[in-house]
Amino acid sequence: MPDDAEIIKNSDSDSVPILSVEDLRTHFFTDQGVVRAVDGVTFHVHAGETLGIVGESGSGKSITAKSVIRLIEEPGRIVSGRIDFRGRDVLTLDHGALRRLRGGEVAMVFQDPMTSLNPVLKIARQLVETMVEHGRFSPKAALARAVDLLGRMGINAPKRAVESYPHQFSGGMRQRVMLAMGFSNEPVLLIADEPTTALDVTIQAQILDLLRELNADFGTAIILISHDLGVIANICSRIVVMYAGEVVEEGPAEKLLADPKHPYTWALLNAVPRLDRHTPGEKKLVTIEGTPPDPLNWPGGCRFRPRCPFAIDACGEHPALKEFEPGRAARCWVTQQGGVLPAVGVVADAQSSPQPRAAARSTVSYAVADAAVATRGEVLLELRDVKKHFPLAKTSFFGEPRVLHAVDGVDLTVFKGETVGLVGESGCGKSTLGRLIVRLHEPTAGSIAYGGVDISHANSATIRPLRRRLQMIFQDPYASLNPRMTVGQILSGPLQFHGMTQGAQATASRVRELLDVVGLPALAADRFPLEFSGGQRQRVSIARALAVSPEFIVADEPISALDVNIQAQIINLLIDLQQRFALTYLFIAHDLAVVRHVSDRIVVLYLGKVMEIAPAGALFASPLHPYTKSLISAAPIPDAAVERKRERLRLTGEPPSAIDLPSGCRFRTRCPIATELCANEIPPLIEHRPGQWAACHFAGKL
Amino acid sequence: MLRYLTNRVVTAFVMVLLATLVIFLIANTAPGDPALAQLGDLAASNPEYVKAFRAKWGLDLPLWERYWIFLKGVAHGDFGISIMSQRPVLDDIRDFAPATIELATIAFLLSILIGIPLGILAAVKRDSWIDHVARFVSLIGVSAPTFWLAFIMLAVFYGWLEIAPGPGRVDPIALLPPKVTGMLLIDCILAGDWETLRDAAAHLVLPATVLAAATLGLITRTTRASMLESLSQDYVRVARAKGLPEWRIVLGHALRNALIPVVTLGGLAYANLLTGAVMTETVFSWPGLGRYTFRSAVAVDFPAIMAITFIVAVVYIAINFLVDMSYAFLDPRAVKR
Amino acid sequence: MTAVALPQEVAAPASSRRRWLRRYALAVAGGVVILFWFAVALLAPVISPFNPEFVDIASRLQPPSYAHWLGTDALGRDVLSRVLYGSRISLIAGFSVVVISAVFGTVLGAIAAYARGRVEDLLMRLTDLVLCFPPIILAMAIAAALGIGTTNTIIAMLIVWWPKYARLARSLVLVQRSQEYVEAAHVLGFGHAHILFRHVVPNAIGPLIVMVTLDLGNAILVFAGLSFLGLGVVPPTPEWGAMVAEGRELVQQWWVATFPGIAILSVVMGFNFVGDGIRDWLDPHARRR
C-alpha cells in the first residue's frame, strides 16, 4: 500500500530490531467473505523491549501476535507482508525451522490459563517436553529446571507442583505455569496475549509484577497484548494502538498516554474512568459513538472516520501512519494537519476546536454527587445477616456433606435514589448476593426486606407484585436474551404479563418508547438478539428491565463483557436513566475505577462477608480495611508515569476456598498485618468514621 | 480411591439386584405362558398336564416366593434347570458363551484397531479424501442392517466367489481339539492343531467383519468428532506455539483427551457385541449365546431368561465399571471428585 | 439519545449459495430419499404391480425380469410389490417408537431437570436401570414375553427406547435453566410453565430434533432386526426384515434378500444424512467454517 510507504524508524536507530513486522496482512476466508483481520500492520521490537499492543476486540491485535509465529488456523492466511525475526524471514521458514523458532526463541502465553494446559498431562511433562523438544536439555535436566522455574514463578512447593495435574491449580497458578513454560528455553521474545484478562485484579497485579521482573532479569523482549490501557501502562515502554486491522498510533508509553495523537487513542483514554482522577459531580464519560467496524468491510477513507468526533473533509482519504516526532507516529489527518485533541480527562469545551461531535453532548453534567449519602432518604432494601450456603454433591456414599459458603452473613441497607457499588474478586459472593436480593436464590438464613416487606422466603406468587419494582441487568449480553425471541417479544412479554399496557397497539408503542430510551431504533423490535452487537444487546437487556418501570435495579457486572468504549456508553446510559427515572442501583463489578465512578457508596466483599462499607470518596481516600487498600493498589491506572511512581501494597497468595473457610477473620491468610487475634476472633463490622464501616481488628492501621 | 471403589461396587450390586427384579417382573407378568409354549397345543388343552407342569417348575408359587428362590439359587451359583433343554442353565451357558466371546472379541479388536486410527486420520486430514472415506465407511457401518450385511457377505464371498467358508465355526468334517476354554482359536493353539486353527480362523473372518461393521462405524465417527473437538482446544494451540512436531501434538496431546468418550463408547459397544450378536449368529449358524438367548426368549424358558439377563446385566455393569475405572488413568479430573 | 446504527443485512452472494449447497447436498439427498419412501408408503396400493401377498407357486424364485422387476420369492410373491408395501410398516414402526419415546422421555427428563431433588434422583435411577440391559436383548425378551406381533414389538422397543431421551432432555434443560435469560424471566415474575415452554424448551429442542432424526433410522433398523428374528410381524405381512429372513438361506436366489435390505439401508442412510445436516445447521461452530 502506498500510504504505508513511510515507515517509522525507532528512536534509537542504531540498534537493529529483533523483530520487524512490515505491512502484514492476515485475512480469513470465511463463508461470509474475506475478513481482513490484520490489514497492513508494521511495527518493530528491539531486544529487551516491552511493547504493548492495545485495541478493542476485533482490532486484529491477537491475530497480529499469532501471525508473528504463523499460528494462524484455517480459514486464515497470511496473505502478504514481511516478518523478520533476527535476520530470518519467518514467512518463508520451513516447518522444522518454524518449530525451532516457536517455543525456542519466541514463546507465547495465551489469555485463558484454564484451557491452555492439557488437563490430562502432568505439569512436569508439559514443561519438560518443551525443553527437550528444543534439544536444550536432557529429560533429567529439564525436570530439575522445571522445578526451578516453577519456584522462580512464585509457586509454592514446586517439587510437588510438577507432579500435579492442571486442575489442581487456580487460574493464577496456571498462568504462572504457562509463564514458566514460556521462559523455559530462555526465549528472545515473549508474546503475551491478554495474559491477565481472565484473572482477578490482585492476581493480575502479581502476574504483571512477575512479567516485569522476568523482563528485567532475563532481558527477554515482551509483546503484551491487552485491551486494558492500565495493564499496558504498567509494563510497557512503548505502545502500538490498533484499530480496524491497522496501526493507528505508536509511541513511548508516557507520551502516548499523556498526549494521544490519534482520536481513537484519545477516545480509549477518555472512556475509562480513572481511580486517581475523579471530579465530584461529573459522572458522564466522554464516549465516541457507534460500534467497532465490520472486518468484512472496513469503512473507506480513514477507518475511524465514522466514529471520529473530530473528522474533517480530508478523512475521506485513507491516511498514512506518519512519524511526527522521533518514535511517535499517528495515522490521522487531523493531527497531521496540526489539529490538537482536547486534553484527556477534561471534558471538551464546546467552543474549542476541533469540535468533538460526541463529546459536545456529554458536557451536560449532572450533580448527583454525594447528595444521597448526605441526606439519607427512605430505606428501600434492608439485608440482615443474610446467608446463602450451597450444598455440594457428596464425594461418596459415606462422605460428609460439604457446603459452599457463598454469602455468609451480610448486612446492608440501600436508600432510595443512591447507587451502591459492590466489589470483590471472583468467588466473593457478589453475584450470589445480587441474586438473593432479586430472590433468584432463597437465603439460607437472615432476612431480606424490600420496601418494608420481608421477602426472604416469599413464594413466587407473593413476590410477583414486587417484581415490577425490583429488576436485574445481567452480565453476559449473549446469554441474557432468549435467542429465539425477537427484541419486540422480549420487551412486550413483561408488559403484557404485568398488565402494564392494554392492547397490542399500546404495547407496541411502549416497546418503541423503551427502545428509544435505551438508544435503539424502533425497527430493532423485529430483529433477533443474534443480529446485535454486545453493547446493543446490553441496551435491550436494560430496556427489558425498564419495561416494568422498576425503582430498584441490581446490575450484575453489566459492562464487564464489553469493550471500553461500549462500557462507557452503557455507563452513561445507566447514569442517564437513573436521572430520568429516579432509579436506585446496586452496581456489582470487579473494576474499582468503574465502581468508584458510578457509586455513591461502596461495599467491599471478601469470601461472602463484608469487609468495608464507605462512601465512594472516603473509601478511596482513606480505606480502613487492608483488603480494600490492596484492591485499590492492585488496580492499574492508564498512565505510565503514574504507574511507575505508585506505591504498591501487594497481596500474596490467592483467596482460600469458600468450602473450607479460615478461622477468625477471613482475610487473615493474605493480610500483611494479621496477628493471632485475627485467627481467633471474627472482627465485627464497626462504624469507624461517619458512614465508613470496616470489619477489621486493626482498621486503618496499615 | 478405596472408598470410591467400594462405593461403586455397592452401587453396582444394587443395580444388578434391581435389574433382576425388573426382568423377573416383566417375564412373569407378560401374557406368554411357558406351559403353552412347551407342552404344545394338545397337552396344553389338558388342565391336569398343565397343572403338573406348573407345579414341577414352581410356576404355581406366589411371585415373591419364586423371586426369593431365584435369588437363593443365584447366591449358590445355581440358576435352575432350563425348561427347554432340561439341563442346568449354567451348563447351557457354559457351552454357548465361548463361541460368542471369541466372535465378539475379534470383532471388537477389528473395530477399534481400524476405527480409532481411521477416526484420527479423518480428523487430522479434515475434508481430505481419507476423511470422506472414513465418513462413508462409518455411515455404511451404522446404516446397514447387520443381518442383511451378513447375508450379502455370505452370498458374495461364499456363494459367488467361493473364497470364504460357509456358516458354522469349523468345517463339519474337522476334528475338534479337546475343549479347554471353548474358544476354538485358543483351544487349537493349546492342542497344537494348526489345521483346525486355520479352518476356525477362516470361519471367523466373515461373521467378525459383519459384527464389527456397526461398531467400527460408531467408533470411527466418535473418534473423529472427539479428535476434532480436542484439536480445536487451546492447549493444542499452546503445544503448537511450543514448537512441538505435529505428530506429538496429535498423539501426545489431542488423542489423550479425545480417547475419553471413545473408551466410554468402546466399553458399551463391547458389551453389546458380547450380548447382542443374535442376528449375525443366526445367519452364520454360530452356536453362540445370542441364538441361545433368542430361543429361550421365544420359548418363554423362565430359568434360562432369568439367568441370561442376570449374567448380561452383570457383564454390562462390570464393563461400565471398568470404563469408569479407566477414566482414572485417562482423566485425572475424574479421580478427584 | 440518538439511535445506534444496526448492522446491515448482507445479501448472500452466489458463491455462498453454492457453498451452502455443497454443505447440505447430502442432507438434501437424504431428504429426497425419505420423501420418496413416504410417497411409496402412501401410494403402495396404486404403484405396486402385484398384490404383495399373492402366492404363485408356479413362478417361485424367478430372477428379476420384465414382469417381476425384482424377481419373486419362495412362494412366488412379487419382491418389488413386497418391498414397496414393506415401507409402510417400517416407517410406522420407526416413527411410533421414536416419537412416542421422545415425547415421553423428554417430558420426564425435563421434569427431572426442572424439579431437581428427589424427583430427579428417582427418574434418573429409573433410566439407569433400563440402561443396565443391552437394548436388543431386552427388547427381544420383552417382545417374546408379550407374544409375536407388530404392536407388541413396538411396545417392547418403547420400553428400552425412552431413557436416552430422558437423559438428553435432562442435560439440555439443566444447561438452559441456568442461562441468564431464564433468570431474567424469573426476575420479571413469569411463572414456571411460561418459562419452561416459552424459554427453556424452544432453546433445548434443537439437539432433540437431531437425535430424533438420527434415531428414526436406528429404530427402523432395530425393528427390522426383530422382524428378521421372527418377532416383528405375523408372516404374510410384507416387512423388510422378515423378507431378508425369508431369503437368507437363498444364496443363489440373491434377489429375495438383497432388495429389502437395500430398502432398509437407503431409509436409514436418508435419516442419517438429514440428521447430520440438521446438526451442522444448528451448530454455529460447524456452520461458520
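**Getting to know a three-chain model**

Biologist: Among contacts in chain A between residues at least 6 apart in sequence, what share joins residues at least 24 apart?
Modeller: Keep in mind that this is a predicted model. Count the contacts in chain A between residues at least 6 apart in sequence, then pick out the ones that join residues at least 24 apart, and you get 69%.

Biologist: How does the radius of gyration of chain A compare with what the globule rule gives for 702 residues?
Modeller: Chain A has 25 helices and 24 strands. For 702 residues the globule rule gives 27 Å, and chain A comes close to that, so it is as compact as a globular protein of that length. Along the principal axes, its C-alpha atoms fill a box of roughly 75 × 65 × 45 Å, and 53% of its residues count as buried. The radius of gyration of chain A itself is 26 Å.

Biologist: How far apart are the end C-alpha atoms of helix H5 of chain A?
Modeller: Helix H5 of chain A runs over residues 139–152, which makes 14 residues. At 1.5 Å a residue they should span 20 Å, and the model agrees, because the end C-alpha atoms are apart by 20 Å.

Biologist: Which helices of chain A do the buried residues of H5(A) pack against?
Modeller: The buried residues here are A:Ala142, A:Ala146, A:Val147, A:Leu149 and A:Leu150. They cover an arc of only 165 degrees around the axis, so they sit on the same side of H5(A). In an α-helix there are 3.6 residues a turn, so residues three or four places apart point the same way. The partners of these buried residues are helix H4 (123–133), helix H6 (158–162) and helix H7 (171–183) of chain A.

Biologist: Which residue just after H5(A) takes a positive phi?
Modeller: Look just past the end of the helix, H5(A). The phi there is about 85 degrees, and the residue is A:Gly154.

Biologist: Which element of chain B gives the most residues to the side that touches chain A?
Modeller: In this pairing, 24 residues of chain B are in contact with 29 residues of chain A. Two or more residues each come from H1, H10, H11 and helix H15 (332–336) of chain B. The top contributor gives 6 residues, and that is H10(B).

Biologist: How many charged residues are on the side of chain B that touches chain A?
Modeller: Set aside the 9 nonpolar and 5 polar residues on that side of chain B. The charged ones number 10.

Biologist: And which helix supplies the largest share of the side of chain B that touches chain C?
Modeller: Here 43 residues of chain B are in contact with 33 residues of chain C. The chain B side divides into 33 nonpolar, 10 polar and no charged residues. The largest share is 9 residues, from H7(B).

Biologist: Which element of chain B has the highest mean pLDDT?
Modeller: Chain B averages a pLDDT of 82, with 90% of its residues scoring at least 70. The lowest mean, 62, belongs to helix H2 (residues 34–44) of chain B. The highest, 92, belongs to helix H10 (residues 234–241) of chain B.

Biologist: Is C:Ile220 buried or exposed?
Modeller: C:Ile220 lies in helix H7 (residues 192–228) of chain C. Leaving aside neighbours within four places in sequence, its contacts include C:Ser90, C:Ala93 and C:Val268. A residue needs 20 or more other C-beta atoms within 10 Å to qualify as buried. C:Ile220 has 31 C-beta neighbours inside 10 Å, so it counts as buried.

How values were computed: Residues numbered from 1 in each chain as written. Chains lettered and ligands numbered in written order. Predicted model: local features only at pLDDT ≥ 70, side-chain atom pairs only at ≥ 80, totals over all residues. pLDDT = per-residue confidence, 0-100. Helix = DSSP H or I, 4+ residues; strand = E, 2+ residues; numbered from the N terminus. Rg over C-alpha atoms; globule rule 2.2 N^0.38 Å. Buried ≥ 20, exposed ≤ 12 C-beta atoms within 10 Å, placed from the backbone. Contact = placed C-beta atoms within 7 Å. Nonpolar A, V, L, I, M, F, W, Y, C, P; charged D, E, K, R; others polar. Expected span 1.5 Å × (residues − 1). Arc of directions from axis to C-beta.
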